[in-house]
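Me: Please go through the pocket and the strands around it with me, giving the cut-offs as you use them.

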Amino acid sequence: MAHHHLSAHELPDCYFAQHVITICMGQFEVELKRGSCWQLERYRPGDIGIFPANQSHPQARCDRGAEFIQLYQNLTLLLRSLLHP
């Protein structure tokens, strides 16, 4: 688990080794590069994003602060905890 409070930033294309669940703590806008176009996405407190492991996450840029919590989950551990509570 990680709590992020970033100022204006830009992130390159990336792949996550684990499944990532993102919970927005503040309101912010992010531009995501999909193909050759940039698309604006708005986030509000409580919005949740789910990013599967080993999938491409697009380049992103944010011109203001962004606050969010990220939960990193290994699929094997998740399945084990669901099957053996």
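Reply: On a 1 Å grid over the protein atoms alone, a pocket is an open set of points where a 1.4 Å probe fits, with protein on both sides within 12 Å along at least five of seven lines, and lining residues have an atom within 4 Å of a point. Grid points are joined across faces, edges and corners, and a volume is the space filled by probe spheres set on the points. This is a predicted model, in which local features need pLDDT of at least 70 and side-chain atom pairs pLDDT 80 or more, while totals for chains, interfaces and linings use all residues. Residues are numbered from 1 along each chain as its sequence is written, and side-chain values use heavy atoms, leaving out hydrogens and water.

Me: How much space lies in the largest pocket?
Reply: The lining comprises 28 residues, and among those nearest the centre are Thr 22 and Gln 70. The space in this largest pocket is about 610 Å³.

Me: Is Thr 22 buried or exposed?
Reply: Thr 22 belongs to strand S4, strands being DSSP runs of E with at least two residues. Its relative accessible area is 9%, and buried means under 20% with a 1.4 Å probe and protein chains only. Thr 22 is therefore buried.

Me: Which residue is the bridge partner of Leu 32 in S6?
Reply: Two strands pair if DSSP finds at least two bridges between them, and S5 and S6 pair in the antiparallel sense over 7 bridges. In S6, the partner of Leu 32 is Gln 39.

Methods:
Helices (H or I, at least four residues) and strands (E, at least two) are DSSP runs, numbered from the N terminus. Buried means under 20% relative accessible area, exposed over 50%, partly exposed in between (1.4 Å probe, protein chains only).
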